[in-house]
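Take a look at the structure below.

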2 protein chains.
Amino acid sequence: MSITPDPSLAEWIGYPAAILTTAAFIPQAWKSWRTRDVSGLSLHMYLLFTAGVGLWLLYGILLGSLPIVLANAVTFCLALSVLWLKWREYPKRP
Amino acid sequence: MSITPDPSLAEWIGYPAAILTTAAFIPQAWKSWRTRDVSGLSLHMYLLFTAGVGLWLLYGILLGSLPIVLANAVTFCLALSVLWLKWREYPKRP
C-alpha cells in the first residue's frame with residue numbers, strides 16, 4: 001500500500017498531536033508536585049527530555065514558528081518542574 | 001532583539017532535539033520494567049502522550065517524512081510499554 005503525502009490532512013492531525021504531547025505533562029507535573037512521589041520517575045529521562053524540549057524551543061525561535069515556540073515553552077516549564085523535584089531527591093540518599 | 005529565521009541552523013538543532021526527546025523514553029521504560037515502580041507515574045500523562053505520539057506517527061506517514069516516522073515509532077513503542085505497566089497497576093487496587 002502506498003500512501004500519498006497529504007499536507008492539509010497532516011495539519012489537522014499535527015495540531016491535536018502537538019496539543020496531546022504538550023498537555024500530557026500537565027497531569028504528570030500536577031501528580032509529582034501533589035504527591036512528591038518521584039521514585040519511579042527516571043532522572044535520565046527528565047534530563048534528556050528537558051534538554052531536548054529546550055532545543056525544540058530554540059528550533060521554533062530560529063524558524064519563527066509561534067506554535068512550536070508556545071508548545072515547547074509550556075512543555076519545557078512542566079518537564080523542568082518535574083526534573084527539579086526528581087533532582088532534589090538525590091542528596092537525601094545515603 | 002529580533003531573531004531572523006534561519007532554517008539551516010534550525011536543522012542542526014532539530015536533529016539533536018528529536019534524538020533527545022526520543023531517547024529520553026529509553027531510560028524511563030528501562031527503569032519501569034526493571035523496578036516495576038510506577039506509582040509516581042501519571043496514567044493520564046501516558047494515555048495523552050501515547051495517543052499524541054501515535055498521531056505524530058500518522059502525521060509523519062501522511063507527510064512522507066521518514067525522520068518523523070522513525071522517531072515517533074520508537075517513542076510510541078516505549079511510551080506504550082510504560083503505559084501498559086501503569087495500566088496493569090489499576091485492577092490490583094481495592
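**Aromatic cluster, core and interface**

Phe25(A), Phe49(A), Phe25(B), Tyr46(B) and Phe49(B) make up one aromatic cluster. Rings of Phe, Tyr and Trp (its six-membered ring) pair if their centres lie within 6.5 Å; planes under 30 degrees apart are stacked, over 60 edge-to-face, and the rest tilted.

This is a predicted model, where local features need pLDDT of at least 70 and side-chain atom pairs count only at pLDDT 80 or more, while totals for chains, interfaces and linings use all residues. Residues are numbered from 1 along each chain as its sequence is written, chains are lettered from A and ligands numbered from 1 in the order in which they are written, and side-chain values use heavy atoms, leaving out hydrogens and water.

Ten aromatic pairs turn up over all chains. In one of them, the ring centres of Trp56(A) and Tyr59(A) are 5.1 Å apart and the planes lie at 85°, so this pair is edge-to-face. Both residues sit in helix α3 of chain A, three residues apart, about one turn of the helix. Helices here are DSSP runs (H or I, at least four residues), numbered from the N terminus. Phe25(B) and Tyr46(B) also pair edge-to-face, at 6.5 Å centre to centre and 85° between the planes. That pair links distant parts of the chain: Phe25(B) is in helix α2 of chain B and Tyr46(B) in helix α3 of chain B, 21 residues apart. Both are buried (under 20% relative accessible area, 1.4 Å probe, protein chains only).

Now the core. A nonpolar core is a set of buried Ala, Val, Leu, Ile, Met, Phe, Trp, Tyr and Cys residues joined through side-chain atoms within 4.5 Å. The largest one has 30 residues, and Phe25, Met45 and Tyr46 of both chains touch the most other members. Helices α2, α3 and α4 of chain A and of chain B each supply at least two residues of this core. Beyond its neighbours within four places in sequence, Met45(A) is in contact (heavy atoms within 4.5 Å) with residues including Phe25(A), Phe25(B), Met45(B) and Tyr46(B).

How much area is buried between chain A and chain B? About 3,500 Å², with carbon and sulfur atoms giving 76%. This is the accessible area (1.4 Å probe) lost on putting the two parts together, summed over both. On the chain A side, α3(A) gives the largest share, 15 residues. Ala10(A), in helix α1 of chain A, is buried, with a relative accessible area of 0%. Ala10(A) touches Tyr59(B), Leu62(B) and Leu63(B), not counting residues up to four places away in sequence.

Note on methods. Buried means under 20% relative accessible area, exposed over 50%, partly exposed in between (1.4 Å probe, protein chains only).
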